[in-house]
Amino acid sequence: MLLKDTDERFMKEALRQARKGIGRTSPNPAVGAVIVRQGKVIARGYHKRAGASHAEVEALSKVKAREEDTLYVTLEPCHHHGRTPPCTEAILHSGVKRVVVGMRDPNPNVTGGGCEFLASRGLDVRVGVLEAECRRLNEWFLKYVTTGRPFVIAKTALTLDGWTATATGHSQWVTNERSRRFGHRLRDQVDGIMVGIGTVVADDPLLTTRLRHGAGKDPIRIVVDTRLKIPESARVLHADSKAETVLAVGEGVSEKRVEAIRKKGVSTLICPTKEGRLDLAALMNRLGDLSITSVLLEGGATLMGAMIREKLVDKFFFFKAPKILGGDDGIPMAAGPGPKRMDGSLCLKDVQIRRLGEDFLVMGYPDYPGS
């Protein structure tokens with residue numbers, strides 16, 4: 001087997017390890033590592049949470065490495081002091097003489113140079129193995145560390161003729177149970193989940209994670225409520241959850257009302273407004289300041305349309321069910337003005353399609369004009 005093929009084979013195993021940490025490492029990336037000796041994996045490791053050992057150190061702690069071993073890691077080993085010592089030092093002291101790296105660290109706030117440091121100490125370092133897969137794994141981290149804003153995933157459930165609910169607002173359920181379980185796994189992987197006040201009033205959701213096997217991680221619940229109209233009885237204000245609820249409100253709302261909400265243990269983010277609505281770009285900056293690296297956008301047509309027009313969505317998940325309302329009075333995915341011509345439509349790139357029972361899922365990335 002060619003060395004290139006061997007490196008890709010073991011990098012795939014490092015990627016499998018990294019996926020175990022998705023949703024648990026924020027604001028750090030998800031990273032996996034394996035140590036290989038004579039064509040066999042002898043140790044595995046992944047980054048479990050911020051502050052815990054990095055993947056390389058986790059793998060190295062499980063075996064006494066030799067010079068002939070190769071360390072595979074999905075992200076460039078760190079060469080700076082953070083919550084943990086530099087991984088480059090641990091690698092150097094381990095005795096490993098070859099290191100294969102999936103992608104370089106994109107974080108501009110660290111000194112970097114991990115690969116160069118190891119190479120300068122005589123190690124054989126190869127960079128860029130399965131780089132696209134490694135970047136896709138940590139796409140939320142790349143967005144966050146380079147822009148300071150969270151990676152936004154828009155999720156919607158639609159009938160075949162394009163409606164998210166009937167004219168009365170009834171939407172339970174558009175898709176099947178398998179699709180809904182997939183949606184809860186998405187919740188388990190993100191830092192925050194965001195809806196508009198219209199969704200809260202219409203559906204009174206809990207916005208928690210419910211997994212079939214084991215307890216999931218609840219994301220921070222973010223409600224866009226420009227005029228602070230949320231009912232005091234809303235379940236999102238009283239959810240039995242370790243995750244907090246944050247209300248994003250506009251400037252000029254009643255201080256008395258804000259204080260009453262805060263006394264309930266609910267946080268408020270006061271943001272500027274634009275044309276009478278919350279400035280969503282400013283909100284993304286505020287969420288980034290709170291170290292929220294990823295957001296699942298679930299609600300409703302007004303907020304979805306505004307986020308799309310502001311070019312704030314980074315990825316789409318469309319769950320399509322084999323149902324037809326057959327009318328023209330349902331609730332659409334997105335509300336507000338759209339393009340006047342079909343060639344002004346927002347197109348998706350890198351599209352993937354997956355069957356979920358009788359439903360199907362379309363995943364893709366928006367190709368914003370001029371981006």
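User: How should I read accessibility in this model, and is Glu-275 buried or exposed?

Analyst: The model is predicted. Glu-275 counts as exposed because its relative accessibility is 81%, and exposed means over 50%. Glu-275 lies in the loop between β12 (273-274) and β13 (277-278).

User: What is the phi of Glu-275?

Analyst: The general idea is that most residues other than glycine have a negative phi. Glu-275 has a positive phi, near 55°. Asp-204 is also not a glycine, and its phi is positive at about 50°. Asp-204 sits in the loop between α8 (197-203) and β9 and is partly exposed, with a relative accessible area of 27%.

User: Which residue follows α9, and what caps its N-terminal end?

Analyst: Gly-265 follows α9 and has a positive phi, near 85°. At the N-terminal end of α9 (residues 255-263), the cap is Ser-254, which places a side-chain oxygen 3.3 Å from the backbone nitrogen of Lys-256.

User: Where are the cis peptide bonds that join Ser-26 to Pro-27 and Gln-172 to Trp-173?

Analyst: Most peptide bonds are trans. The cis bond between Ser-26 and Pro-27 has an omega of about 5°, and Pro-27 lies in the loop between α1 (3-19) and β1 (32-37). For the cis bond between Gln-172 and Trp-173, omega is about 0°; Trp-173 is in the loop between β7 (163-165) and α7.

User: How do I read a buried charge, and what is the nearest side chain of opposite charge to Arg-221?

Analyst: A salt bridge needs a nitrogen-to-oxygen distance within 4 Å. Arg-221, in strand β9 (residues 220-224), is buried, and its nearest oppositely charged side chain, Asp-218, is 4.5 Å away, with no salt bridge. The Arg-221 side chain does make a polar contact of 2.9 Å with the side chain of Thr-245. Beyond its neighbours within four places in sequence, Arg-221 is also in contact with other residues, including Ile-193, Leu-206 and Val-236.

User: Which helix gives the most to the lining of the second largest pocket?

Analyst: Helix α7 does, with five residues. The pocket has a volume of about 770 Å³. Of its 29 lining residues, those closest to the centre are Ile-22, Glu-139, Leu-186, Gln-189 and Lys-315. Leu-186 belongs to α7 (residues 177-189). Leu-186 counts as buried because its relative accessible area is 7%, and buried means under 20%. Leaving aside neighbours within four places in sequence, Leu-186 is in contact with Lys-155, Leu-296, Phe-317 and Phe-319.

Technical notes: Residues are numbered from 1 along each chain as its sequence is written. This is a predicted model: local features need pLDDT of at least 70, side-chain atom pairs count only at pLDDT 80 or more; totals for chains, interfaces and linings use all residues. Side-chain values use heavy atoms; hydrogens and water are left out. Helices (H or I, at least four residues) and strands (E, at least two) are DSSP runs, numbered from the N terminus. Buried means under 20% relative accessible area, exposed over 50%, partly exposed in between (1.4 Å probe, protein chains only). Contact means heavy atoms within 4.5 Å. Lys and Arg count as positive and Asp and Glu as negative; His and the chain ends are not counted. A polar contact is a pair of N or O atoms within 3.5 Å; within protein, one must be able to donate a hydrogen and the other to accept it, and residues adjacent in sequence count only if both atoms are side-chain atoms. On a 1 Å grid over the protein atoms alone, a cavity is a set of points where a 1.4 Å probe fits but cannot get out, and a pocket is an open set with protein on both sides within 12 Å along at least five of seven lines; lining residues have an atom within 4 Å of a point. Grid points are joined across faces, edges and corners, and a volume is the space filled by probe spheres set on the points.
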